[in-house]
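Hello,

Here is the structure we spoke about. Please open it next to this email; my notes follow below.

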Amino acid sequence: MTDELVAAIVEMRDGDALALTKQRLDDDANPLTILDECRAAMEIVGKRFEVGEYFLPELILAGEMMKQIAAQVKPRLQSPSAAQKRAKVIIGTVQGDIHDIGKDIVALMLDINGFEVHDLGVDVPPEKFVEQIAILQPQVVALSGLLTIIFDSMKETIAAIQAAGLRERVKIMIGGGTVDEQVRGYVGADAYGKDAIAAVALAKAWEHDHVA
Amino acid sequence: MWLENWDELSPAEKFNARFDDWTSPPGAQFASPAIARAYTERVRLFRDAIQLNKPTRVPLHFFSGFYAIRYAGLTVEEAMYDYEKLGAAMKQFNADFMPDALASAMTAGPAKAFELLDLKLYRWPRHGVPPTAPFQYVEAEYMRADEYDLLLADPTNYFLRYYLPRIFGNLAPWQKLAALTDLTEWPLMGSALVALGNPEVQAAFEKLLAAGCAALEWMKACGAINSAIVNALGLVPLTSGFSKAPFDTLGDTLRGTRPIMVDKFHQPQKIIAACERLTPLAVEMAVRAANGARKPIVLIPLHKGADGFMSEKDFKTFYWTSLKQTILGIVAEGVVPMMFVEGGYNSRLDIIADPDIPKGTTLWMFDKTDLKAVKKRFGGWACFGGNVPVSLLATGTPKQVEEYVRRLIDEVAPDGGFILSTGAVVDDARPENLRAMIETGRAYGVYQ
Ligand code: B12
């Protein structure tokens, strides 16, 4: 039974995946097992992306399926999923930029890999990052941006985190479009990641680094 | 056309006629014979590069965004609304940097015209972004998922009655229009005209006429600015206009980035059919631009076919098939499509270096693609360039830029067929870095 949903997601049959979810919920299946299957499916999707079998369209459709399945399942959940999460990551596209496809892919891949991802969205001002870091106390902050004019936004964001006395508590990675190692030096981040896979590797390397 | 026997010419003859015309532009009034010569020599640089001959020096270009006006101390808002300030800024920038290809005044666009129409497709200064910010595209599903058949049946009708009323607030009443293809027989024509009497529709037309005037005013102002710079400095206005890859018209403008990717699973055949339908429109747009401005090169920015955006197989099916037909259609008219290959194309090179495209007729400017790999496939087939990272221009040092440009020239320029340029549009840079790029090219890019 369970393989059916996993297969539908992995094979990009979104209609089937939603119908199966609905049917399973109608049959009073445990919503948590449905979410587990989603996770298993997304791991396969992520692997295929890493090895170059899947591309952006597959990740985007998979992301859509996750959203829609979660919307169906959530109302049936008694208590929030107890699944063990890895480190907390705050991610957002910095102020002045609204590109979010790359950021969403990074967030999705981190999520698939078990990180607790808090996505602040696009055009996020420095104060918002600072405020959320203070509240959520993440180990990792991921800044995305594609436009050259946002290098200064990244720099200001990191300066604001510093000024709030939070810089030592987080590791900061940057990425997206025209960002590169050169920009990392300019903005004062800890690392630059060239793609979502690099983002996951960085987060994994960093998660045990910090004892605040 | 300016030649009477135009229709009898072969593509190569048309190409030559266009380039000859560009070399001695009608109505140009260069400041001195030396400037006129400098202009002719610059055109020669580009022509030689495109035809895969060795020019006397690597031609110098960069993708000019809003950096030029920033350099001159203008805000984006001023550049959009004050043509006098815009003119002074563009003159100053071009004179200070002297790229071979003119940085055009037209980049800022006719904001007043867009304002009159209440354009929803973008935000710009006075309309949702700060005075210093460039215009910003507002992505949405301007065409809905179930509207492919409407587009396929008649793209112009679709644009008139569905797309334009959505992107221009003040043309919303056009939804009421009848199809203009109704206008055929006496008994049918009356009802087809009725909607035009509707006061709201009439008001929409009045706005459109006013916007037309604003656009004309802008075109005259920018035309005068550009001509003055060309006449004074002998720089070459490189491109005459734009066209688009059919898949990008769908993915960028009509459907949007995410929806087009979902469509690929839900209605792949419709995407393919729509791209086919849009291909002759893309060809016509390019050729019309080249004829109108009497300049042979037309820019085609490539967006959603880059590495990672789809598999190689899908790239061929969804992106390349219609783009290739677009390129072939443009080349057949002796016009040179200049592809601005955004993002990385490392996995696409074997596909795009297509022997069906005649050699020495196209121009490819790359962003993050490895130019050494490009050189391997494109050498002896098509002119290419680009790749100087805008991140380096914005945050690096002149020394780093100089090293980068030297390395690039050493690696890929030796046989000609190469144009020095940036990998992306320059909105932000340190002036000393942009200068280092251009001057290194000027000094180090000389062919023996
Ligand atoms: C799609 C696109 C758009 C879409 C965005 C849709 C959306 N919802 O995001 C639309 C049409 C809206 C758009 C708008 C604009 N765009 Co745009 N856009 C692109 C395009 C074609 C692709 C970007 C993309 O999505 N790539 C796919 C994703 C997956 O890649 P990615 O973002 O780089 O992310 C990957 C990695 O970088 C990394 N990554 C990303 N974030 C992070 C974060 C961390 C921490 C890490 C470790 C890694 C990481 O992982 C991702 C997955 O592997 C690029 C050109 C190109 N091909 O790159 C231009 C490009 C980015 N755009 C550009 C421009 C100029 C604009 C506009 C200003 C145009 C305009 N005048 O309207 C506006 C800007 C609006 C704004 N304020 O943001 C320029 C920027 C140039 C410059 N000098 O700054 C580019 C480079 C095009 C060019 N060559 O000139 N754009």
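In chain B, helix α14 (residues 312-332) carries B:Phe315 and B:Tyr319, which are 4 residues apart and therefore separated by about one helical turn. Keep in mind that this is a predicted model. The two rings form a stacked aromatic pair, 5.5 Å centre to centre, with 15° between the planes. Both residues are buried. B:Phe315 has 0% relative accessibility. B:Phe315 also pairs with B:Trp320: the centres are 6.5 Å apart and the planes at 15°, so this pair is stacked too. B:Trp320 counts as buried, at 5% relative accessibility.

These rings belong to one aromatic cluster in chain B, whose members include B:Phe315, B:Tyr319, B:Trp320, B:Trp364 and B:Phe418. Over all chains, the count is 28 aromatic pairs.

Two charged side chains sit over rings. B:Lys112 lies over the face of B:Tyr83, 4.5 Å from the ring centre. The charged end of B:Arg407 is over the ring of B:Tyr404, 5.2 Å from its centre.

Now the sheet. In chain B, 6 strands form an open parallel sheet, ordered β4-β5-β6-β7-β8-β9. β4 (239-242) and β9 (418-419) are the edges; each has a single partner strand, so one side of each lacks a neighbour in the sheet. Inside the sheet, β5 (residues 297-302) and β6 (residues 336-341) of chain B pair over 6 bridges.

Which protein residue is the single donor to the cobalt atom of the ligand? A:His99, through NE2, 2.3 Å away. A:His99 lies in the loop between β1 (88-93) and α5 (101-112) of chain A.

Best wishes

Key
Residues numbered from 1 in each chain as written. Chains lettered and ligands numbered in written order. Predicted model: local features only at pLDDT ≥ 70, side-chain atom pairs only at ≥ 80, totals over all residues. Heavy atoms only, no water. Pairing = 2+ DSSP bridges. Helix = DSSP H or I, 4+ residues; strand = E, 2+ residues; numbered from the N terminus. Donors = N, O, S within 2.8 Å, 3.2 Å for Na, K, Ca; no water. Phe/Tyr/Trp six-rings, centres within 6.5 Å; stacked < 30°, edge-to-face > 60°. Buried < 20%, exposed > 50% of the residue type's maximum accessible area, 1.4 Å probe, protein only. Lys NZ or Arg CZ within 6 Å of the ring centre and 35° of its normal.
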